[in-house]
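Open the model in your viewer and keep the selection panel at hand.

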Amino acid sequence: MSDTVLEIKDLYVSYGGIEAVKGISIDVHEGKIVTLIGSNGAGKSTTLKSVAGLVKPKSGSIKYKGQELIGLSPDKIVSAGVVLVPEGRRVFPNLTVKENLRMGAYLRKDDLTADYEYVYELFPRLKEREWQLAGTLSGGEQQMLAVGRALMSKPELIMMDEPSLGLAPLVVQDIFKIIKTINKAGITVLLIEQNAFMALETADWAYVLETGEITHSREGLDLLEDNTIQEAYLGKSKA
Amino acid sequence: MEFLTSQILSGISLGGQYALIAIGYTMVYGILRLINFAHGDVFMVAGLLMVYMSTVMPIYVSIPLMIVLTVLLGFVIERAAYKPLRSAPRMSVMISAIGVSYLLQNLALYATGGQPKTYASIPWISNTIHIFGAPTRVVTVVTPILVIILVVLLTLLINHTKIGIAMRAVSKDFETSQLMGVKINSVISATFVIGTFLAAVGSLLYFTNYPTVVPMSGALPGLKAFVAAVFGGIGSIPGAVIGAFIIGICETLIKGTDFAVFSDAFTFALLIIILVVKPTGIFGEKTTDKV
């Protein structure tokens, strides 16, 4: 068994009096793809935002390689090697594709030539549109840019919040292929999805989050076979 | 003809001085969506600093020192009066800015005792020269040239440096910029530093032409520069510069006619017309909030 890189323990987060996350615990093992599925408002995004330092949890701990992340500013967390691809892509529309990638490497001081090439190799479409404003890209291209931008920070753990949201089925397949490619290159992935089928097929391990609590935790494909999960998230009735 | 030449020349010069103030308004608005009402008063404080310092030290020391102190003032104002309100409603920050504006005016009133202070005569730029036969001062010619140089440098900074790219990113999306590792507060401080630096340079040129400083000296130029920024499309730097030149030239031309009394009224009538007809200004983005 590989080492646990990210260890979330008894995490409680509340937004203006409402508890969004109620004591969840998640382990992410090095080099794996772990997914967190669940319906809207289950607390998935809040969990990832807490790891990224955008949200201050009420209690609990988030340890990355033994280092406590709660209380660190977002830039310290990026420096530690943890990066979040936010929901809705959030590329900078007024910046060119290349400038967006440059922003991804904001904290780095070394040479970026090889990194631009790596991203352009993964997403040749971005190379073609290098000088185009990100706001003019299609949804799929923006998602590719968001992932490429995150890779520019040279992360060890990449968190993705709903990468398939609002994309055409073929594009979704591309995105999941890329997730696998990135993972094979040695990057650990923590993935949030409403598209449970794709997520479970891709992930090594899966957690199901319902109204702020973990209700299931099993291997991805295993969970895919589970009847209750099928009913709740995959829209299939009991066979 | 000579009269007209001289009017246009001083109009361009005045426009350049407004432009240096207007850039500060437009940059701060671009990043914080805040109309920094204290900006004009910082400009006035820069004038007073120069008045006091030039009596005790040589000009070549007091000019850089005045610029450094003004920039420091801009930095401190942001940290003390705006930063603590970062997550407060935008209106609170705006009211805080109005508070800072009156605070500076009153401090200036206390310091000067309400007496107009005579601005130092800065060598060389106060000299008289003749352009196309029209007598004018060196500052009139120096201002537009200096403005163009500073605007080109600023544009290079914003388009090609890391901090410039970060400024543009932060102006669109705070949260995602943080995810890139950007320290939002440093970028905002940098914006205020640049804005107040330009206002300090502007004060040097402006008070050479209007050689007394009173606590209200920043109010009217500040407001006009603000109108220029709205006219050009608030948030846009080229817009602010072009707006400022147009307002400066129009104001000076009107001053040369029988309607001289209305030159200020013209500027503010223009503000109303823009807000009614094209609220986003010349270069404003369609998505920007109305001012």
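Two residues are in contact if their C-beta atoms, placed from the backbone, lie within 7 Å. Keep that cut-off in mind for the first stop. This is a predicted model. It scores ipTM 0.90 and pTM 0.91.

**Stop 1: the interface**

Show both chains. The contact takes 19 residues from chain A and 14 residues from chain B. Now select helix H6 (162-172) and helix H7 (174-179) of chain B. Each supplies at least two residues of the side of chain B that touches chain A. H6(B) gives the most to that side, with 5 residues. Colour the chain B side by class: 6 residues are nonpolar, 3 polar and 5 charged.

**Stop 2: the mixed sheet of chain A**

Select the 6 strands of chain A that form an open sheet in the order S6-S7-S8-S3-S9-S10. The pairing is mixed. Strand S6 (82-85) and S10 of chain A are the edge strands, each pairing on one side only. From one strand to the next, the twist averages 15 degrees.

Zoom in on strand S3 (residues 33-37) of chain A. Which strands does it pair with in the parallel sense? One is strand S8 (residues 188-193) of chain A, over 5 bridges. Another is strand S9 (residues 205-210) of chain A, over 4 bridges.

Click Leu36(A). Opposite this residue stands Ile192(A) in S8(A). In S9(A), the bridge partner of Leu36(A) is Tyr207(A). Follow Tyr207(A) onward: its bridge partner in S10(A) is Ser217(A). These picks carry you from S8(A) through S9(A) to S10(A).

Stay with S9(A) and strand S10 (residues 213-219) of chain A. They pair in the antiparallel sense over 6 bridges. The two form a hairpin with 2 residues between them. Select Thr211(A) in the turn: its phi is positive, at about 35 degrees.

**Stop 3: helices across the sheet**

**Stop 4: the antiparallel sheet of chain A**

Select the 4 strands of chain A in the order S2-S1-S4-S5, which form an open sheet with antiparallel pairing. Strand S2 (18-29) and strand S5 (67-68) of chain A each have a single partner strand, so one side of each is left without a neighbour in the sheet. Look between strand S1 (residues 4-15) and strand S4 (residues 59-64) of chain A: 5 bridges join them. Pick Leu6(A), whose bridge partner in S4(A) is Tyr64(A).

**Stop 5: a helix pair in chain B**

Bring chain B back. Its mean pLDDT is 93, and 97% of its residues reach 70 or more. Among its elements, helix H3 (residues 59-82) has the highest mean pLDDT (97) and strand S3 (residues 134-137) the lowest (83).

Select helix H2 (residues 39-56) and helix H4 (residues 90-112) of chain B. Their axes come within 9 Å and cross at roughly 20 degrees. H2(B) and H4(B) are therefore roughly parallel to each other. The crossing is left-handed. Show the side chains in the contact, including Val45(B) and Leu48(B) of H2(B) and Leu104(B) and Ala108(B) of H4(B). By class, this contact has 7 nonpolar, 3 polar and 1 charged residues.

Notes:
Residues are numbered from 1 along each chain as its sequence is written. Chains are lettered from A and ligands numbered from 1 in the order in which they are written. This is a predicted model: local features need pLDDT of at least 70, side-chain atom pairs count only at pLDDT 80 or more; totals for chains, interfaces and linings use all residues. Two strands pair if DSSP finds at least two bridges between them. Axes are lines fitted to C-alpha atoms, for helices over the stretch in contact, and angles run from 0 to 180 degrees between N-to-C directions. Angles under 35 degrees count as roughly parallel, over 145 as roughly antiparallel, 65 to 115 as roughly perpendicular and the rest as oblique. A crossing is left-handed if the near helix is turned anticlockwise from the far one by less than a right angle, and right-handed if clockwise. Ala, Val, Leu, Ile, Met, Phe, Trp, Tyr, Cys and Pro count as nonpolar, Asp, Glu, Lys and Arg as charged, and the others, Gly among them, as polar. pLDDT is the predictor's confidence in each residue, from 0 to 100.
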